[in-house]
Amino acid sequence: AQSVAQPEDQVNVAEGNPLTVKCTYSVSGNPYLFWYVQYPNRGLQFLLKYITGDNLVKGSYGFEAEFNKSQTSFHLKKPSALVSDSALYFCAVRAPNDYKLSFGAGTTVTVRA
Amino acid sequence: AAGVIQSPRHLIKEKRETATLKCYPIPRHDTVYWYQQGPGQDPQFLISFYEKMQSDKGSIPDRFSAQQFSDYHSELNMSSLELGDSALYFCASSEGTGNYGYTFGSGTRLTVV
């Protein structure tokens, strides 16, 4: 079975500071990893994914994530957070022989001006 | 660019009634996934279809059924609705098993009263 853990329910940062949202995963085989963002009453918007290749993945809106196989982690990062980054962030994993995504519990990011 | 279209956006039903949610995937996407997101919860996988055949099944109640039609759109049928069915229902689509990513619709918010 595959699973995702997002250890922090909430992350609070000041605008202009670095933002990190943590994610660890458990899956059989090589993981397919995704980050999505959800604004209130909206759908899930894709940020980035890792399937293979370079461990550092760059995505939308200046976000990036680093795949670390030994630590089974895929932390989301942004060097300089914006107030508009305030949202709910979900990490998701898929096993290589599966179709569906399994989501973490989500992390609420609040960026204060 | 075309996105995943879900209808209706909002739906209010009474207990024991029936609801039908529709999902229109991105053109050329042949796989559709349904997720249920309760208040403050992460999305939970319900069911998926690939090329009009069920490809995977998650925590979908027996009161729910779904299918994918020849034009690849999908419908989620929910009968004998319960208060606990109130949630945001997401549809996602992908090309094949999602190696190129998944695109989510904006969701249907179902409220059972």
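Author: Happy to. Leaving aside residues up to four places away in sequence, L76(A) touches L19(A), T20(A), V21(A), W35(A), L47(A), L48(A), F63(A), E64(A), A65(A) and Y89(A), where contact means heavy atoms within 4.5 Å. Please keep in mind that this is a predicted model, in which local features need pLDDT of at least 70 and side-chain atom pairs count only at pLDDT 80 or more, while totals for chains, interfaces and linings use all residues. Residues are numbered from 1 along each chain as its sequence is written, chains are lettered from A and ligands numbered from 1 in the order in which they are written, and side-chain values use heavy atoms, with hydrogens and water left out.

L76(A) belongs to the largest nonpolar core, which has 28 residues. A nonpolar core is a set of buried Ala, Val, Leu, Ile, Met, Phe, Trp, Tyr and Cys residues joined through side-chain atoms within 4.5 Å; buried means under 20% relative accessible area, exposed over 50%, and partly exposed in between (1.4 Å probe, protein chains only). The members that touch the most others are L19(A), W35(A), L47(A), L48(A), F74(A), L76(A) and Y89(A). Two or more residues each come from β2 (10–14), β3 (19–21), β5 (32–38), β6 (44–50), β8 (64–68), β9 (73–78), β10 (87–94) and β12 of chain A. Strands here are DSSP runs (E, at least two residues), numbered from the N terminus. β10(A) gives the most to this core, with 4 residues. Apart from this core lies another, of 22 residues, among them I26(B), L46(B), F49(B) and M78(B). As background, nonpolar side chains tend to be buried together in soluble globular proteins.

β12 of chain A (residues 107–112) also holds T107(A). T107(A) is buried, at a relative accessible area of 0%, and its side chain makes a polar contact of 3.1 Å with that of Q6(A). A polar contact is a pair of N or O atoms within 3.5 Å; within protein, one must be able to donate a hydrogen and the other to accept it, and residues adjacent in sequence count only if both atoms are side-chain atoms.

In the loop between β8 and β9 of chain A sits T72(A), which has a positive phi of about 45° although it is not a glycine. T72(A) is partly exposed, at 30% relative accessibility. Over in chain B, R16(B) has a positive phi too, near 75°, and this residue is exposed, with a relative accessible area of 65%.

Now to where the chains meet. The contact draws 26 residues from chain B and 19 residues from chain A. About 1700 Å² is buried between the two chains, 56% of it on carbon and sulfur atoms; buried area is the accessible area (1.4 Å probe) that two parts lose on being put together, summed over both. On the chain B side, N99(B), Y102(B) and F104(B) lose the most area to chain A, together 30% of what that side buries.

Between the chains there are 7 residue pairs in polar contact, with both residues at pLDDT 80 or more. Strands β4 (31–37), β5 (44–50), β6 (53–57) and β9 (87–94) of chain B each supply at least two residues of the side that touches chain A, and β4(B) gives the most, with 4 residues. That side of chain B divides into 10 nonpolar, 12 polar and 4 charged residues; Ala, Val, Leu, Ile, Met, Phe, Trp, Tyr, Cys and Pro count as nonpolar, Asp, Glu, Lys and Arg as charged, and the others, Gly among them, as polar.

The rule finds 1 salt bridge across this interface, a salt bridge being a side-chain nitrogen of Lys or Arg within 4 Å of a carboxyl oxygen of Asp or Glu. K100(A) forms a salt bridge with D56(B), their closest N and O atoms being 2.9 Å apart. Both K100(A), at 18% relative accessibility, and D56(B), at 16%, count as buried. D98(A) is linked with K100(A) and D56(B) in a network of salt bridges.
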